[in-house]
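Student: I have a sequence and a model open side by side, and I would like to learn how to read such a structure one feature at a time. Could you take me through it slowly?

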Amino acid sequence: MLARFFIQLIDAQRVWARPLGDFNHRVLVAIFGPLRFLKDFLNGKWLGHPVHAALSDLPIGIYTLVIVFDILGLRQAAWIALLLGILSHAAAAVAGFADYTDTDGRPRMVATVHSTVMSLAIVVYIISLVTRSDFGDQTLPIVLSFVGYGLVTVGAYIGGEVVYTLGNMVNRHAWRFIGTGKWQALDVTDIPEGVPVKARAGAQSLVLVRQGDTVHALHEVCAHAGGPLSEGTVVDGCIECPWHGSRFELASGYKKRGPATFDQPRYEVRQSASGGWEALRVTSGSAGVGEH
Ligand code: FES
């Protein structure tokens, strides 16, 4: 009931959040376009985990400490904690902008509301920090800290909506375990050299790429946000997703380029006794599998 009310409240923001989100998207693409390595780093390809999610709890914890120090009258400790909170907040925001770049539709709109509220919060906290620098009357800075904490709480709720309800930066293969250990027939007869081909193995869709005598097979659904890998292109031994450009090594499923932070489930392919093709899942696609 309460959740439905919050969702309606968030959706009511689309009047301004949609155009602002589209504008932000254009700016972020212009910034990160030539800096792919930086975006990969901020997305968390190196960590096998979204960096924004790992950092975002830090400022919330530190801002909580600021309130405790303010209540206890520990002015210097509150000032230092507030400075650390703002720095960690800024770091989490930069990583968040990298993830935000690859959103579209409703996730982009909700992420825009999230980032706007969080940006307002950091501005309020910076004013609180500046106004408490002389350690004079602390009424205004303390009030501002409470206002900032309220904004951060609201912003964190909306950020949770982006991840838990809309599935942004969630591994699309989180529940896809290693498989039954049984070979399954593929519904293809012809696999041309170097061209991605979509095939079904039981309930699963795969993308097949033949390179010489070897047929590579990965799950068709991109681990990042569900893009169709069979509509992607083959580049340097990888398949590149057509949606946001993640690259997965054909031989291992390893993510060679973000924004995907998780590997792609990989399958072995062989010719069956009847002359057709069959596949066996060999990795689940969770982070670290096939790492090298
Ligand atoms: S869906 Fe985003 S890179 Fe594939």
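Tutor: Please keep in mind throughout that this is a predicted model. We can begin with a pair of strands: 2 bridges join strand β4 (residues 214–219) to strand β9 (residues 266–271), and these two strands run antiparallel. Within that pairing, L218 stands opposite R266 in β9.

Student: In what order do the strands of the open sheet stand, and how are they paired?

Tutor: Strands of a sheet pair through backbone hydrogen bonds, and the pairing may be either parallel or antiparallel. In this model 6 strands form an open sheet in the order β1-β10-β9-β4-β3-β2, with antiparallel pairing. The edges are taken by β1 (184–185) and β2 (197–201), each of which has a single partner strand, so one side of each is left without a neighbour in the sheet.

Student: What can be said about the faces of β2?

Tutor: On β2 the covered face consists of V197, A199 and A201, while K198 and R200 make up the uncovered one.

Student: Which residues other than glycine have a positive phi?

Tutor: M169 is one of them, with phi near 65°, and its place is in the loop between α8 and β1. D236 is another residue that is not a glycine, and its positive phi is about 50°; D236 is found in the loop between β5 (233–235) and β6.

Student: Are M169 and D236 buried or exposed?

Tutor: Buried stands for under 20% relative accessible area and exposed for over 50%. M169 has a relative accessibility of 11% and therefore counts as buried, whereas D236, at 71% relative accessibility, counts as exposed.

Student: How should I describe the packing of α7 and α8?

Tutor: Two packed helices are described by the angle between their axes and the distance between the axes. Here helix α7 (residues 105–131) and helix α8 (residues 139–165) pack at an angle of about 160°, with their axes 8 Å apart. That angle makes α7 roughly antiparallel to α8. Sorted by class, the contact of α7 with α8 has 21 nonpolar, 7 polar and 1 charged residues. As for handedness, α7 passes α8 in a left-handed crossing.

Student: How many salt bridges does a search of the whole structure find, and where do R132 and D70 lie?

Tutor: The search of the whole structure finds 10 salt bridges. In one of them the side chains of R132 and D70 meet, at 2.9 Å from N to O. R132 lies in the loop between α7 and α8, and D70 lies in helix α5 (residues 57–72), so the pair ties together parts that are 62 residues apart in sequence. R132 and D70 are both buried.

Student: Which residues are linked with E240 in a network of salt bridges?

Tutor: The network of salt bridges links E240, R247 and R257. Within it, the side chains of E240 and R257 meet in a salt bridge of 3.6 Å, N to O. This pair links distant parts of the chain, since E240 is in strand β6 (residues 238–240) and R257 is in strand β8 (residues 255–257), 17 residues apart. At 17% relative accessibility, E240 counts as buried, and R257 is likewise buried, with a relative accessible area of 18%. A further salt bridge joins the side chains of K255 and D263 at 3.5 Å, N to O, and both K255 and D263 are buried.

Student: Where is there a cis peptide bond?

Tutor: A cis peptide bond joins G258 and P259, with omega at about 10°. P259 is found in the loop between β8 and β9.

Student: Where is A78, and how far is its C-alpha atom from that of T64?

Tutor: A78 has its place in helix α6 (residues 75–100), and at 0% relative accessibility A78 counts as buried. The C-alpha atoms of A78 and T64 are separated by 10 Å, and these two residues are 14 residues apart along the chain.

Key
Residues numbered from 1 in each chain as written. Predicted model: local features only at pLDDT ≥ 70, side-chain atom pairs only at ≥ 80, totals over all residues. Heavy atoms only, no water. Pairing = 2+ DSSP bridges. Helix = DSSP H or I, 4+ residues; strand = E, 2+ residues; numbered from the N terminus. Axes fitted to C-alpha atoms, helices over the stretch in contact; angles between N-to-C directions. Parallel < 35°, antiparallel > 145°, perpendicular 65-115°, else oblique. Left-handed = near helix turned anticlockwise from the far one by under 90°. Nonpolar A, V, L, I, M, F, W, Y, C, P; charged D, E, K, R; others polar. Buried < 20%, exposed > 50% of the residue type's maximum accessible area, 1.4 Å probe, protein only. Salt bridge = Lys/Arg side-chain N within 4 Å of Asp/Glu carboxyl O.
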